[in-house]
Amino acid sequence: MSTTASAVRSRHAPSRFVRDTLLLTGRSLRAIPRVPERLLDVTIQPIVFILLFLYVFGSAIHVHGSYKDYLFPGIIGQSLAFGTIGAGVATANDMSEGVVDRFRSLPIGRLSIITGQVMGQVCEAILGLAIVVGFGLLLGWHPHLTASHAVELAGLMALGIVAFTWAGVLFGMLVRSPDAMQGIGFIVVFPLSFMAGTFVPISGMALIPRTIADWDPISALVASVRNLTQGAHATGSWQLTHPELAMALWCLAIVGICAPLALRRFNRTLAG
């Protein structure tokens, strides 16, 4: 009798996992209307950067071609990278407020708790990316995309969102509070995003920041978006001359490292 029950549970495990993941993803998204400020990092913040650099600092920055066409691919890359902070803060908030403990008492799969968190953050990142792209088009950004480049760009953006989300979820589990995640995230992501050629060319930087920027993973992200949307080929390190491949490798490495570590940390938390 127990063997039959186990077989039934095993047979329905995948569908149950998908159902639980979707329910928890919906729970994460339903929190947005109640706490809309959680989307500031993927909505208002990139718009502030756009307005500041386009209309305040842009006149002092000299690039080949239109600075508007140079800026928006960088903002897209920066927005994806900042998703690490948002995912980390949301995860740290759930871990510190006892939400996970309440989930543990419910008849849901353990894995679906963390995958629901990841899917919710991915949806928020996609919303923020759509807002940035729409705002850019409204201000006169003109991406030059072929059909193949559009498909490649969509795939790279999806891969990048998943990778940075997993990194944020892992960091959110390692810190003690959402405030700590906010501070650490800005200390790490903020300078890396600025040195990634987001607002100024890497080639004009001093030796030390240029060396860091040459191998900054966000640099590969920005360079790939700029290459696919504007046909602008970067020079410098190997990853800047092969940005799409470099970005894919970085994202696979981030997921391959962060996802198992996050799941291990999560299981240890549940067992504690």
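In the protein chain, residues 24 or more positions apart account for 77% of the contacts with a separation of 6 or more, a contact being heavy atoms within 4.5 Å. The model is a predicted one, in which local features need pLDDT of at least 70 and side-chain atom pairs count only at pLDDT 80 or more, while totals for chains, interfaces and linings use all residues. Residues are numbered from 1 along each chain as its sequence is written, and side-chain values use heavy atoms, with hydrogens and water left out.

The protein chain has 11 helices and zero strands; helices (H or I, at least four residues) and strands (E, at least two) are DSSP runs numbered from the N terminus. Of the 272 residues in the chain, 47% are buried, where buried means under 20% relative accessible area, exposed over 50%, and partly exposed in between (1.4 Å probe, protein chains only). The chain exposes about 13600 Å², and carbon and sulfur atoms supply 69% of this area. Accessible areas come from the Shrake-Rupley method with a 1.4 Å probe, and for residues only the protein chains shown count as cover.

Helix α2 covers residues 44-57. Its 14 residues should span 20 Å at 1.5 Å a residue, and the end C-alpha atoms are 19 Å apart, which agrees; the expected span is 1.5 Å times one less than the number of residues. Within α2, Q45, P46, I47, F49, I50, F53 and L54 are buried. The buried residues of this helix pack against α3 (67-96), α5 and α7 (178-194).

A nonpolar surface patch is formed by I44, V48, L51, L52, Y55, V56 and F57, with about 620 Å² of accessible area together. Patches are made of residues with over 30% relative accessible area and no salt bridge, like charges being joined within 9 Å and nonpolar side chains (Val, Leu, Ile, Met, Phe, Trp, Tyr) within 5 Å. A salt bridge is a side-chain nitrogen of Lys or Arg within 4 Å of a carboxyl oxygen of Asp or Glu.

Helix α5 (residues 110-138) contains L127. The C-alpha atoms of L127 and V42 are separated by 7.9 Å, although these residues are 85 apart along the chain.

The structure holds zero disulfides, a disulfide being a pair of cysteine sulfur atoms within 2.5 Å. The table lists the accessibility of selected residues.

| Residue | Relative accessible area | Class |
|---|---|---|
| V48 | 40% | V48: partly exposed |
| L127 | 38% | L127: partly exposed |
| C123 | 30% | C123: partly exposed |
| C258 | 8% | C258: buried |
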